[in-house]
Amino acid sequence: MRSLLTLAYRSLLARRFTVGLTVLTIALSVTLLLGVERLRDEARTSFLRSVAGTDLIVGARAHPVQLLLYSVFRLGDASNNLSWQSAQWIAGLPEVAWSVPISLGDSHRGYRVIGTTPAYFEHLQTGGGRPLSMASGEVFSAVFETVLGADVARELGYQVDSRIVLAHGTGQVTAQKHDDQPFAVVGVLDATGTAIDQGVYVSLAALEAIHLNWRSGTRIGRAPSIDDVDPKLLEPRNVTALFVGLKSRIATFGVQRAVNAYAIEPLSAVLPGVALQQLWSMLDEAERALSMAAACVVAAGFMVLLTTILATLNERRREMAILRGVGASARHVFGLLLTEAALLSAMGATLGALLVELLLLVLSPWLQARYGIFLQAGLPRWETLRLVAAVAGMGTLLGVVPAILAYRRSVQDGMTLKI
């Protein structure tokens, strides 16, 4: 067996250029297949990690998935807001243990600004019930103070005591800035691997304060001094969404029905887990299509492997005759071709798995900053190893075809070809 492996290795080495292209083709196809599967699994894990400890999410009447996307993942915009009076009514329900309002609409250098209360940092959790924690500084307490998500601080080089200016709207580039009311960074959150890391957090009163001198999206003069402003003017008129925690899970559906039937304004109360399931159902067809496309690419890679081995059989007939002439049996010839196929597929699959981890290492920061999807590179997972083994096994099985042809020809060629 050892001599057969050595012989197969040297034979492949003698045809290194063709072999290299074949291995690269298999590696790229395996990279695509593993990348699609890894992205799908990690995206689901990342999304699930973002919602924990919240029983209901309440917003203006909308599809549950839309409400989930803009309130939790900061994807898209709300079609409408809910009034502050409605938010207070929900918070006052006997079954409600806590509620955290959020208000969206402004940005800072492409990152979303989230207006909220200090309760946000107390009650919201990530995967496994992990509470939010501060890497440095503290939660905001004054109007023009802000807390930054881990990615915002890292990417923009901010730290505690930095000064930042918010912008009107959510575009990457905007000329409408609230530069007459700068904010002081008082805290930076620990990384969570969720959309929370891409947020700039300020108080609800702060959002009202920076818009006191704005009319129809246009700034009029300078903002008044906060000391001269009536506190009632800093009370929000509406908010984008409300995260709700209940005293008992048994009350979930009762509160949901009460909110959905609210007569003052149309509202939607959704269960985060149910909304996530609806999201996966909507994406299921696309996921299957991507997986099938990746599988077809792997099949094409196998066809390249089979074609390459078959194409070289005629060129190697003299080589096989020499092996037979020096005492190799037909079974050895069969085993040589099978071993070569196994080595080619195993090298291609292994290289593909390594390429996936390398791509994750390079693209993970960009995917996390752009889409809030946390992908962690490292040692290949057990599922990856199983897939690599399956690919190597399939390549070995394909090698049976040229191995049988070589087996049948070797006896005849050994007698008719001159060495």
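Tyr 120, Phe 121, Phe 140 and Tyr 201 are linked into a cluster by ring pairs. Rings of Phe, Tyr and Trp (its six-membered ring) count as a pair if their centres lie within 6.5 Å; planes under 30 degrees apart are stacked, over 60 edge-to-face, and the rest tilted.

The model is predicted, so local features need pLDDT of at least 70 and side-chain atom pairs count only at pLDDT 80 or more, while totals for chains, interfaces and linings use all residues. Residues are numbered from 1 along each chain as its sequence is written, and side-chain values use heavy atoms, with hydrogens and water left out.

Across the whole structure, the search finds six aromatic pairs. In one of them, Tyr 120 and Tyr 201 are tilted, at 5.1 Å centre to centre with 40° between the planes. Tyr 120 belongs to helix H5 (residues 119–123) and Tyr 201 to strand E13 (residues 199–203), so this pair ties together parts 81 residues apart in sequence. Helices (H or I, at least four residues) and strands (E, at least two) are DSSP runs, numbered from the N terminus. Tyr 120 counts as buried because its relative accessibility is 1%, and Tyr 201 does so at 0%. Here buried means under 20% relative accessible area, exposed over 50%, and partly exposed in between, with a 1.4 Å probe and protein chains only.

Phe 144 and Phe 183 form an edge-to-face pair, 5.4 Å centre to centre and 80° between the planes. Phe 144 sits in the loop between strand E8 (134–137) and strand E9 (145–148), and Phe 183 in strand E12 (residues 183–189), 39 residues apart. Both Phe 144 and Phe 183 are buried.

I turn now to helix H4. Which residues of helix H4 (residues 84–91) are buried? They are Trp 84, Ser 86, Ala 87 and Ile 90. These residues lie on the same side of H4 because they cover an arc of only 160° around the axis, the arc being that of the directions from the helix axis to the C-beta atoms.

Ser 83, in strand E2 (residues 82–83), is buried as well, with a relative accessible area of 19%. Its side chain makes a polar contact with the side chain of Ser 86, at 2.9 Å. A polar contact is a pair of N or O atoms within 3.5 Å; within protein, one must be able to donate a hydrogen and the other to accept it, and residues adjacent in sequence count only if both atoms are side-chain atoms.
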